[in-house]
Amino acid sequence: MESSQRRKSGLNLPAGMNETSLRLETSSPSSPCSSSLRSISISSPRMISSLSSPSSSKSTICSDRFIPCRSSSRLHTFGLMEKESPAKEGGNEAYCRILKSELFGSDFGSCFSPAGQGSPMSPNKNMLRFKTEHSGPNSPYSPSILGHDSGFSSEASIPPKPPRKVPKTPHKVLDAPSLQDDFYLNLVDWSSQNVLAVGLGTCVYLWTASNSKVTKLCDLGPNDRVCAVQWTREGSYISIGTNLGQVQVWDGTQCKKVRTMGGHQTRTGVLAWNSRILSSGSRDRNILQHDLRVSSDYVSKLVGHKSEVCGLKWSHDDRELASGGNDNQLLVWNQHSQQPILKLTEHTAAVKAIAWSPHQSNLLASGGGTADRCIRFWNTTNGHQLNNIDTGSQVCNLSWSKNVNEIVSTHGYSQNQIMVWKYPSMAKVATLTGHSFRVLYLAMSPDGQTIVTGAGDETLRFWNVFPSVKTPTPVKDTGLWSLGRTYIR
């Protein structure tokens, strides 16, 4: 009977299903796909799931392959997540949580509340997507490779170095009677042969650091006085700038005058040597270039400042000369040019403090006077200002360490302090006090560890501020071939 009914209907229906249990449902006209989509629902004792497509969702662009991610896999949906066993007496629950976080990621188990404290959170929406790495920090307990990072962190495994300790008091103090309190003069310099030169009134004195011997080099007489002293790089000869505008060159070992050169109209307050040229700056606003191999007093004149020249430094490669003046200008001159190649006018006070970095070419530091108080760093290749920092007081001198990438500055109004800075972070390494007047003079020992400062309080103070040069440890050859080595001569 049933087979005859199936033949009449023309449909092959399974046993237990009649024609009346099969019906077609037409989707609502409001559906955008009503003309093309139909769904079949079967009412039967065996409830077969609907063949209709799931509800529409936002279209996503999937990549060519699927990489599973434990934190987004909704393991609780499939019953693959282990339930927490009750903690044993004395068990370490914190350790278990940290271990799970390290092994399975910080998101593992975050979609559940603790056992017995509620239902799971809403399911994750990232089932078939590539994992997006989170930039969250690793566990603070261990820099493990099983955390978010793909490798060991060398910084986390190495403890930070303790800050270097700098003695707060000078290890030596010398009396310097008649040491002038004049911002525009440069009266202290330390030679490469470990001899300190100091201009006191009309005289220049030499102090030998190895034996503390004091030698009077010269006396300019009652009508003149010393305004600047500067050793050659070799440390054998010393130049002296006078109040009358002369530049004298003396043999420091024999205490004999070698030459006197004129050209300036008023006092010569700053001097700078390179390998063969002596530059002098004066209150007459000019810079003169002297060559001892030439009979004339000077070989060229550099005109650019509008007020007294008080700062002058040659770069270590002898290619550029930096000059600072009371006109708040910092000028950079080329070796072969009569005009400045850079005019830097950001300072708002006199620029006396100038220093070239021995660690990086074309890096120049400069400091401004009372109205400025800033240390500025320049790239002389393009004239860009790299950094500036307000020190809070008049910047009198700057000097780079030869041993480490640090710079020392001395200051005047209002704190009269000495400051050591780490470059390029400009973090303060040390602040030293002791002078009761402006710290107008600064020089560094040949080994780069000690500085000497001078002030209008007529004292010279010696400070140990920089470490010694790091010498590489010799590698000992303990291999097989070192047991019986022969030499080819």
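Reader: Over how many bridges do β3 and strand β30 pair?
Author: This is a predicted model. In it, strand β30 covers residues 459-464, and Lys172 stands opposite Phe462 in β30. The two strands β3 and β30 pair in the antiparallel sense, and the number of bridges is four.

Reader: Which residue is the bridge partner of Ile407 in β26?
Author: Strand β25 (residues 406-411) and strand β26 (residues 418-422) run antiparallel and are joined by five bridges. Both belong to an open sheet of four strands in the order β24-β25-β26-β27. In β26, Ile407 has as its bridge partner Trp421.

Reader: Why is one side of β24 and of β27 left without a neighbour in the sheet?
Author: The sheet is open, and its order is β24-β25-β26-β27. Strands β24 (395-400) and β27 (427-432) stand at its edges, so each has a single partner strand.

Reader: How many residues apart are Glu406 and Arg164, which form a salt bridge?
Author: The closest N and O atoms of Glu406 and Arg164 are 2.3 Å apart, within the 4 Å cut-off for a salt bridge. Glu406 is in strand β25, whereas Arg164 is in the loop between α3 (154-157) and β3. The pair thus links distant parts of the chain, and the separation is 242 residues.

Reader: Is Glu406 buried or exposed?
Author: The limit for a buried residue is under 20% relative accessible area. Arg164, at 28%, counts as partly exposed. Glu406 has a relative accessible area of 3%, so the term for Glu406 is buried.

Reader: Which parts of the chain does the salt bridge between Arg283 and Glu308 tie together?
Author: The side chains of Arg283 and Glu308 meet at 3.7 Å, N to O. The pair ties together parts that are 25 residues apart in sequence, because Arg283 and Glu308 lie in two loops: the one between β13 (277-282) and β14 (286-291), and the one between β15 (300-303) and β16 (309-314).

Reader: Which residues are linked with Arg283 and Glu308 in a network of salt bridges?
Author: Arg283 counts as partly exposed at 44% relative accessibility, while Glu308 counts as buried at 7%. The network of salt bridges that holds this pair also includes Asp182 and Arg267.

Reader: Which residues make the nonpolar surface patch of about 380 Å²?
Author: Leu103, one of its members, lies in helix α2 (residues 93-104). Patch residues need over 30% relative accessible area, and Leu103 is partly exposed at 46%. The patch is made by Tyr95, Leu99, Leu103 and Phe104.

How values were computed
Residues numbered from 1 in each chain as written. Predicted model: local features only at pLDDT ≥ 70, side-chain atom pairs only at ≥ 80, totals over all residues. Heavy atoms only, no water. Patch = residues over 30% accessible without salt bridge, like charges linked within 9 Å, V, L, I, M, F, W, Y side chains within 5 Å. Areas by Shrake-Rupley, 256 points an atom, 1.4 Å probe, with all protein chains shown as cover. Buried < 20%, exposed > 50% of the residue type's maximum accessible area, 1.4 Å probe, protein only. Pairing = 2+ DSSP bridges.
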